[in-house]
Amino acid sequence: MSYTIHGIAVSNGIAIGRAHLFSHTSIEVTHYSINEDQIEQEIERFKDAIHEARSELETLQSNIPENAPTEFSAFLQLHLMILNDGTLSNEPIGLIKHQQCNAEWALRLQMDQLIEQFQLIEDPYLRERQADVVQVVERILKVLLGKKSAAMPTWDQGEEIILVAHDLGPADMLVFKNQAFQAFITDMGGATSHTAILARGLSIPSVVALHHAWHIIKEGELLIIDGTCGVVIVNPDETVLTEYRVKQEQWNEQKKKLKKLRLTPAKSLDNQDILLLANIESPQDMDTVKKSGALGVGLYRTEFLFMNRTSAPGEEEQFKAYRKVVESIKGQPVIIRTLDIGADKPIESLSTGHTLNPALGLRAVRYCLSEPHLFKIQLRAILRASQFGDVHCLIPMISSNHEIKQTMAIINQAKKELSEEGIAFNPHLPIGAMIEVPAAALALPLILDQLDFISIGTNDLIQYTLAIDRSDDSVAHLYNPVHPAILTLIANTINYAHRNNKPVAVCGEMAGDPQLTRLLLGMGLREFSMHPAHIPEVKQIILNTDIENIRKLTKKILKTYDFQRINELINQLNHG
Ligand code: PEP
Ligand code: MG
């Protein structure tokens, strides 16, 4: 049966391929159909898994070490009871038969039902026993996953694969950077969640906030992903497939054409030079940066160097990574942002503490100032890299001059140490701040004179101004980059910086959105930093824009408060 699911488009393009369901915990299991003649075999597989899990628990029970805590035996006893109860060991058999689904899925469905019942229990002790049910299910699943099902779908070599996940963290995405996926879709996430940002960096179509896609799409099903419109078509018929193959072809042609602009200077029709820089996550991104025609790196998100590892990188490792980036585009600016962890970028080796609102908690510079030793290691590494090129240092989440002063004190300390150790660095390393907390945008005069440059982080500026979690799919529809409050903050920040002769850039996702290029140019922006994939399209718009001509309409947009009218005027701006 063919059907369509709508989500939020985060990375343009069309992909056609087979679904591969990704799970990062054993409780997220794949779902696929089995044929009638495979039912018996699947039931046997399930029974074998129960048997094996039971033997494991019994072996554990007969080998309890003498010094083990007394609860250990009771805990094993409880798990054996749960396993032996027919609710978990028999009911899934019925589900396999009637729903003709794989054993893992049947077990998962049964677990969900049990948990629902547990949640109704008033006694908190008994209610908490649901965690034991989950642990027993995990044990059975582990065995099941080791016994491959004959019914598991396979597809032809060469067929494109589309990753389908309930949720993906930035760290997961980093792993996928090296794998051949055509597209990815998730149930969770917003358009500027870090996962979405990484998808744009990979330049593969993707759609997020699909809510239940992971549960309804089955392993191996044919999918069309329209990353431009945020649409996923499951099991498309031949007519739809043909239509999308044509669209895909056109999209690829368009991309090829845009690539030819690589060496063309980004100059508007009225001869104004615009600086287009790239956002990167690691030195490996530099090949793409060079191919994109970017004239430097406007945002190096260094926190990705800290992910998927058990300990933080030391000074030497950081220095080598930064130097590699700087040397690979010698002579062009590289803006290295200090560690921005916390919120939707947790890092296993560095704890930012458990908190109810991580986006409002110990994040970015706040975390670094609470760990001055760690901060100084990074600042020393950046300073050391600064002797190899045009390095700038950018501090995230600044909200007061107090934070700048504290940061400067640590930078000065790092400089002093390096001088004493006879290690070279640029003593005039420019220091800038991200303007991404409304307080910083509103009180710019409070901080600007202490800074060499600023960069507007629209992703967080929108999140904090509109009070909308950028990675929460349930409020993603309210995340509005052209809300009058946002446009006013951006326009005022650009204006104030220019009046004070301070360089100002936008490095949030708005900078790479071709729908907003003219609006930002009209506001006076001359420096954009974005994922390299967006540079050609944004450049093409710049080449076709007379900035003086669009000023009047931009001013009108800045005075408009009605959302619909703002969108109409932006449309007019883009097509005028
Ligand atoms: C931003 O907030 O706009 C930004 C560029 O930083 P990040 O997306 O890494 O939070
Ligand atoms: Mg930010």
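Is Cys229 buried or exposed? Cys229 is exposed, at a relative accessible area of 52%. The legends below take this residue and others in turn.

The model is predicted, so local features need pLDDT of at least 70, side-chain atom pairs count only at pLDDT 80 or more, and totals for chains, interfaces and linings use all residues. Residues are numbered from 1 along each chain as its sequence is written, chains are lettered from A and ligands numbered from 1 in the order in which they are written, and side-chain values use heavy atoms, with hydrogens and water left out.

**View 1**
Cys229 lies in the loop between strand 7 and strand 8 (231–234). Helices (H or I, at least four residues) and strands (E, at least two) are DSSP runs, numbered from the N terminus. Exposed means over 50% relative accessible area, buried means under 20%, and partly exposed is in between (1.4 Å probe, protein chains only). Cys229 and Ala9 are 220 residues apart along the chain. Their C-alpha atoms are separated by 5.7 Å.

Strand 3 covers residues 14–22. Of its 9 residues, 7 are buried, so the rest of the structure largely encloses it. Two strands pair if DSSP finds at least two bridges between them. Strand 3 runs antiparallel to strand 7 (residues 222–226), with 5 bridges joining them. Arg18 has Leu222 as its bridge partner in strand 7. Strand 3 also pairs with strand 4 (residues 161–165), here in the parallel sense, over 5 bridges. Ala19 has Ile162 as its bridge partner in strand 4. In a regular strand, side chains alternate between the two faces of the sheet.

**View 1. Val164 and Phe22.**
Val164 belongs to strand 4. Val164 counts as buried, at 1% relative accessibility. In sequence, Val164 and Phe22 are 142 residues apart. In space, their C-alpha atoms are 5.9 Å apart.

**View 2. Ligand 1 and its surroundings.**
Ligand 1 is surrounded by 17 residues. A residue is near a molecule if one of its heavy atoms lies within 4 Å of it. The closest are Arg301, Arg337, Gly457, Asn459 and Arg470. A polar contact is a pair of N or O atoms within 3.5 Å; within protein, one must be able to donate a hydrogen and the other to accept it, and residues adjacent in sequence count only if both atoms are side-chain atoms. A polar side-chain atom of Arg363 lies 3.3 Å from an oxygen atom of ligand 1. A polar backbone atom of Gly457 is 3.3 Å from an oxygen atom of the ligand. For a polar backbone atom of Thr458, the distance to an oxygen atom of ligand 1 is 3.1 Å. On its own, ligand 1 has 290 Å² of accessible area, and the protein covers 100% of that area. Such areas come from the Shrake-Rupley method with a 1.4 Å probe; for residues, only the protein chains shown count as cover.

**View 3. The shell by element.**
Helix 9 (194–202), strand 10 (297–301) and helix 19 (458–466) are the elements that give two or more residues to the shell around ligand 1. Helix 19 gives the largest share, 3 residues. Strand 9 (residues 275–280) runs parallel to strand 10, with 3 bridges joining them. Ile280 has Tyr300 as its bridge partner in strand 10.

Arg470 lies in the loop between helix 19 and helix 20 (484–499). Arg470 counts as buried, at 4% relative accessibility. Its side chain reaches the backbone oxygen of Thr192 at 2.8 Å.

Strand 12 is mostly covered, with 5 of its 6 residues buried. Strand 11 (residues 333–337) pairs with strand 12 in the parallel sense over 5 bridges. Pro333 stands opposite Asp390 in strand 12. Met397 is in the loop between strand 12 (390–395) and helix 16 (401–420). Met397 has a positive phi near 60°, though it is a residue other than glycine. Met397 counts as buried, at 0% relative accessibility.
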